[in-house]
Amino acid sequence: MSAPVLGTTDRVVTPPAGPAPMVAEIAGGRWGDLWRAITRNRKAVAGALLLLVFVVLAIFPGQIAPDDPTAEIYLPALGPSWHHLLGTTAQGQDIFSQLVWGTRLSLVIALAVGALATALSVLVGVSAAYLGGIADGVLSLITDVILVLPIFPLIIVIAAYRRNSGLFTLVVVLGALGWSYGARQLRSQTLSLRTRDFLEAARVRGERKAYVIVFEVLPTMTSLIVATFLGAALYAVLTAAGLQFIGLGDPNSQSWGTMLYWAQNGEALFAGMPLWAIAPGVCIALLGGAFALLNYAFDEISSPALRVRKLERAHLPKSESRPPGPAPGTIAEQTVLKVEDLSVAYATDGGPVIAVDHVDFELGRGEFLAIVGESGCGKSTLLYAIARLLGSPLPGEIIGGRVLFQGRDLVLLECRAR
Amino acid sequence: MRFVVRRLGFFVVTLWAAVTANFLIPRLMPGNPALAMMSRYRGHINPASLHAIEIAFGVNNHQSLLGAYFSYLGNVVRGRFGVSLTFFPDAVSRDVLQALPWTLALVGVTTILAFLLGTLIGLVAAWRRGGILDSVLPPIFVITSAFPYFWLAMLAIWLFAIKLGWLPQSGGYRITDDVGWTWAFVGDAMRHSILPALTILVTSIGGWILTMRNNTISVLTEDYVRMARAKGLSPWRVMWTYAGRNAILPNLTGFAMSLGFVVSGAILVEFVFNYPGVGWMFLQSVENQDYALMQGLFLMIVIAVLTAILAADAATAMLDPRTRDVR
Amino acid sequence: MQSAMNALNPVLTVAEQMRDACRAHSNMSRAEIEARSREVLRLVSIDPVHLHSYPHQLSGGMRQRAMIAMALLFTPDLVIMDEPTSALDVVAQRSLMVQIKELQERLGFAVIFVTHDMSLVSHFSDRLLVMYAGQVAEMSKTRELFDRPLHPYSHGLLEAFPSIRGPNARLAGIPGSPPDLANLPTGCRFAPRCPLVEPRCTAAEVPLYSVNGSLVRCVLRENGR
Ligand code: SF4
């Protein structure tokens, strides 16, 4: 009788992750690019999956949750078990079922507020930038005032006068106060677009302003608008949960914030029902986290500098070994600088890219050498390599060859002989 | 100079907007809660407190809306917010001033600490691109920035106060203490503030780290940073005066803008911990329908936030010569 | 020395940045640094009163010259410039070039000057190094390259600016755009845009051929002509 060998039965063999197939390379155009950028970004994928799970929970709560969330049919304060995955509340309700049913309201608030706030941001931000003059001044001032007013206390004040107001009021108030940050960003983005050629062209063609805004300006700002939406949704999730938690939502509605309100009232932490208080918070954090991750990923996608890229040397094409030149480090008397077989690579999303490829030259004393070429031909990279300005925290790395400098190292070469 | 004047003007405008909102909200609500409240209280409480509510709302049957608005403005300017019902017969202004030091000590110190620490960590993370700090921290803090403050506060209480019993679970000091500047009291107050402070620190620091990191990364591509390295300056000097000092400027603006968010979180943290500061008192007043106190506290919060923003502006002006002389 | 307008730290005065540089390389006293800073500013004909100005208080041309002054703090053997004139107007470009050349002759340093505009350096540089897609395409004496460009790309670059003799000549330029470095064509990297492309161009990597002391990466010059 041999003991069972642990861990051999359910091992999954994952194929090595190769480059994703490049379908729709051309046909996809901008949307295709965006899609590929998203699927390649791990944070974006994690955020999207989380969001998907919550959407499913919100649409099919009845199929997933075993019980009616409001039914007080069990013994109170049960611990977690097979019947009650997360135990029961002090009122004898099933916590897991409450969580599942609570998803819907939390998600609806997030999406509705996100949409409303984004619409307002676009409206105010784009028209401020586009109208200019006094209109811009007034709209920007309003934006700034709302931006710095502490929104949450203001909402509490409003809610205090209108207790237990419905979902609609909540969404309107949150949306009406949550657009300023996005508006500010959209305004500056529009301003920078305004003078671009294609808009000038549209203006010369005599298109109406509204047409230009809707068909020429907005499509170029897709990623910023999406980011605005995600930010507003995150804000809505947290603010709504906070309001419900202090009892300013509708205490009879099913949401995570309300669960926390009852948990706090029922002294869940002291009475040995920590899961009652912990679980809804985890859900809020996860839903908020989904929006935050997506938002952050979008930031990275729209400004590539933020992504960390490591130079994968293994992927570099093998440089053919060259016959050794003159003895290393020799440099003629009248030569100031000698660049030998220099190669520089940058890391990019698609793997390393060689920006300077086996460049050789010498520079005599007092000589004036001009390096010419179109932008992107590697001329600046070559300079940086000579001046030793590559390497962390700056991008780029010398992968072959060397730079010899002779003479007093004055301003440019920091580590050579003085 | 013009920069400072412009920011001061903005300060006044925003404050005015807050006061006006305070005045208008109870009137614009369907059913006019202000008047409803008045008629509900009439005859139930003594004339003095009725008058207090009148002041708080600017409700006066003999005045037009505009007239009421101006007398309300006048009262606010003179610091007359009426009388608190919760702490009757205290004047609202007195209660507010009582709660203020607690909040300043807790929220003020923690926020500044979080900002400084976060900025520092963000700078270093960006400086060492791809290092441990840079690859581990961002995803973590993206998630923590989505944590509800109050929930983290509850968790902290559960873990450190109930399970481990290391720290007190609520309040600002032991009830048996004599309030005063004695060592015993200050020490006790400190002990009580550890958990709420940690909660605020953990949730707010992430935002600073992320924005500072991203700012630094974009500043690092600027020519003057390359130039500074080319000049052969020590990496330390380049990081601070060239990269750091330029990257912190947008972060200061960000500080001003996300302050409202931090304050909202702090209100809930005070609430969960029963910490006797402005936020806790604010929610108490909401619960007790003590509108005079609520409005006074709301204005207090606005003023605090605006003052912090002015401070951030002053720092910007100090660090950035371009704001000093607009030619 | 770096490109355009932004090589000066906007939050420090010119004097502070010069002091930084001096501190990093020598142990001059404060007064010495100040004196030297004034001297180099005068070298590039900036009035030393601007020493304590912030970069945003200077004009574009002045900022460029201040940068050059900074490079001259230590009488260097080599000055490296990356598109130093790209943000200036034509007149300012010219006068800056003349000034660089003068300083070079006076102080005897070598210059590496990066630009995308060949016409700018035609009268100033001794040699030209033409780069394409990370490689050296051609390296020749400036005069020779202008008279007889060996590489079709150099030829295209020359036609991309209106020559002084024929101001009405069309801007021929070069159709197409540089290749994606991550996705290089086989053989000659210029082949997709080259007007003289031949089948053998794309067969294998093209080595550098030596032609009368010039270097060129083009199969047409295989025989050294
Ligand atoms: S090798 Fe061929 S394709 Fe390349 S430049 Fe010369 S002629 Fe043109």
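Visitor: What makes A:D357 and C:R189 a salt bridge?

Guide: Keep in mind that this is a predicted model. The closest N and O atoms of A:D357 and C:R189 are 2.6 Å apart, and the cut-off is 4 Å, so the pair qualifies. The bridge crosses between chains, running from strand 2 (residues 351–364) of chain A to the loop between helix 7 and strand 5 of chain C. Both A:D357 and C:R189 are buried.

Visitor: How many salt bridges are there over all chains?

Guide: The count comes to 5. Another of them joins A:D136 and A:R187, at 2.8 Å from N to O. A:D136 sits in helix 5 (residues 133–148) of chain A and A:R187 in helix 8 (residues 180–194), 51 residues apart, and the pair links distant parts of the chain.

Visitor: Let's turn to the rings. Why is the pair B:F115 and B:W208 called edge-to-face?

Guide: There are 5 aromatic pairs over all chains. For B:F115 and B:W208, the ring centres are 5.4 Å apart and the planes stand at 85°. Centres have to lie within 6.5 Å for a pair, and planes over 60 degrees apart count as edge-to-face, so the name follows. B:F115 is in helix 5 (residues 92–127) of chain B and B:W208 in helix 8 (residues 183–220), so the pair ties together parts that are 93 residues apart in sequence. Both B:F115 and B:W208 are buried.

Visitor: How do you know that C:Y132 and C:F190 are edge-to-face?

Guide: The centres are 5.1 Å apart, with 80° between the planes. C:Y132 belongs to strand 3 (residues 127–132) of chain C, while C:F190 is in the loop between helix 7 (152–159) and strand 5 (209–211), so the pair ties together parts 58 residues apart in sequence. C:Y132 is buried, at 4% relative accessible area, and so is C:F190, at 2%. Together with C:Y153, C:Y132 and C:F190 form one aromatic cluster.

Visitor: How do you know that the span of helix 11 of chain A agrees with what it should be?

Guide: Helix 11 (residues 222–245) has 24 residues and should span 34 Å at 1.5 Å a residue. Its end C-alpha atoms are 34 Å apart, which agrees.

Visitor: And why is helix 11 of chain A described as largely enclosed?

Guide: Of its 24 residues, 18 are buried, so helix 11 of chain A is largely enclosed by the rest of the structure. It is followed by A:G247, whose phi is positive, near 85°.

Visitor: What makes the phi of A:H358 stand out?

Guide: Most residues other than glycine have a negative phi. A:H358 is not a glycine, yet its phi is positive, near 50°. A:H358 has its place in strand 2 of chain A, and at 17% relative accessibility it counts as buried. C:A133 also has a positive phi near 50°. C:A133 lies in the loop between strand 3 and strand 4 (135–141) of chain C and is buried, with a relative accessible area of 3%.

Visitor: Which residues form a nonpolar patch on the surface?

Guide: A:V45, A:L49, A:L52 and A:V56 do, with about 330 Å² of accessible area together. Take A:V56, found in helix 2 (residues 42–59) of chain A. At 37% relative accessibility A:V56 counts as partly exposed, and patch residues need over 30%, so it passes.

Definitions and conventions:
Residues are numbered from 1 along each chain as its sequence is written. Chains are lettered from A and ligands numbered from 1 in the order in which they are written. This is a predicted model: local features need pLDDT of at least 70, side-chain atom pairs count only at pLDDT 80 or more; totals for chains, interfaces and linings use all residues. Side-chain values use heavy atoms; hydrogens and water are left out. Patches are made of residues with over 30% relative accessible area and no salt bridge: like charges are joined within 9 Å, nonpolar side chains (Val, Leu, Ile, Met, Phe, Trp, Tyr) within 5 Å. Accessible areas come from the Shrake-Rupley method with a 1.4 Å probe; for residues, only the protein chains shown count as cover. A salt bridge is a side-chain nitrogen of Lys or Arg within 4 Å of a carboxyl oxygen of Asp or Glu. Helices (H or I, at least four residues) and strands (E, at least two) are DSSP runs, numbered from the N terminus. Buried means under 20% relative accessible area, exposed over 50%, partly exposed in between (1.4 Å probe, protein chains only). Rings of Phe, Tyr and Trp (its six-membered ring) pair if their centres lie within 6.5 Å; planes under 30 degrees apart count as stacked, over 60 as edge-to-face and the rest as tilted. The expected span of a helix is 1.5 Å times one less than its number of residues.
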